Amino acid sequence: MNGIKHHISDDLLMGYAAGALPQAFDLVVATHVSLSDDARARLAGFEELGGVVLSDMEEADLAEDSLERTLARIAGTPVREKRVEPSRGIFPEPLRKIVGGDEDAVKWRSLGTGARQSLLHIEDGVSARLLYIPAGQAMPEHGHRGMELTLVLKGAYRDETDRFARGDVEFADEDMDHTPIAEDGEDCICLVATDQRLRFKGLLPRIAQPFIGI
Ligand code: ZN
């Protein structure tokens, strides 16, 4: 897809290629990759590199699972292979699989004032969710205790740093506070992975936080 302005970082792509990311972040990266030719090309490079490293390691040091790996090689089955199909529709394939369909299959929960979310996955405090922000509306200003990776699927939003539209990713961490605001004209849907609960600044969102699980 053309027009992507905010790309995923090399370290996240490498982590993805190595299978080292938590599942929630894995989902966001896979979904971004299926929207971005640039990310697909870089990922292919890292996977090639990973394969070389893996075969070197196997020769140097026979790991416990080396028999399994060797048998897999003899059988011609790749030990680890991630293929991401180019996308069709609003939800690319990796996300469509989790949701069980496209936008109309999402089970939304209201966050009040028109905003909605759908929790897709949570494990050890690491979560992936879909966020729905009505056109022209703001998400509460918040800081981050850990990492937050946001991918825009529909519409666009702006925050203190820039404008983010379909296919764009934004990475935030402890050092960043921001208030994403959906652009006028179209509701915004984002896929967000966070590795800690967000730290909201306003009193009301903080009280609501345990209930909405954001
Ligand atoms: Zn944030």
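Reply: A charge is taken to sit over a ring if NZ of Lys or CZ of Arg is within 6 Å of the ring centre and within 35 degrees of the ring normal. Arg 116 lies over the face of Tyr 132 in this way, at 3.9 Å from the ring centre. The model is predicted, with pLDDT of at least 70 needed for local features and 80 or more for side-chain atom pairs, while totals for chains, interfaces and linings use all residues. Residues are numbered from 1 along each chain as its sequence is written, and side-chain values use heavy atoms, without hydrogens and water.

Rings of Phe, Tyr and Trp (its six-membered ring) pair if their centres lie within 6.5 Å; planes under 30 degrees apart count as stacked, over 60 as edge-to-face and the rest as tilted. Helices (H or I, at least four residues) and strands (E, at least two) are DSSP runs, numbered from the N terminus. Tyr 132 is buried, at 10% relative accessible area; buried means under 20%, exposed over 50% and partly exposed in between (1.4 Å probe, protein chains only).

The rings of Tyr 157 and Phe 164 are stacked, because their centres are 5.2 Å apart and their planes at 25 degrees. Tyr 157 is buried at 2% relative accessibility, and Phe 164 is buried at 3%. Tyr 157 stands opposite Phe 164 in strand 7.

Terms used
Pairing = 2+ DSSP bridges.
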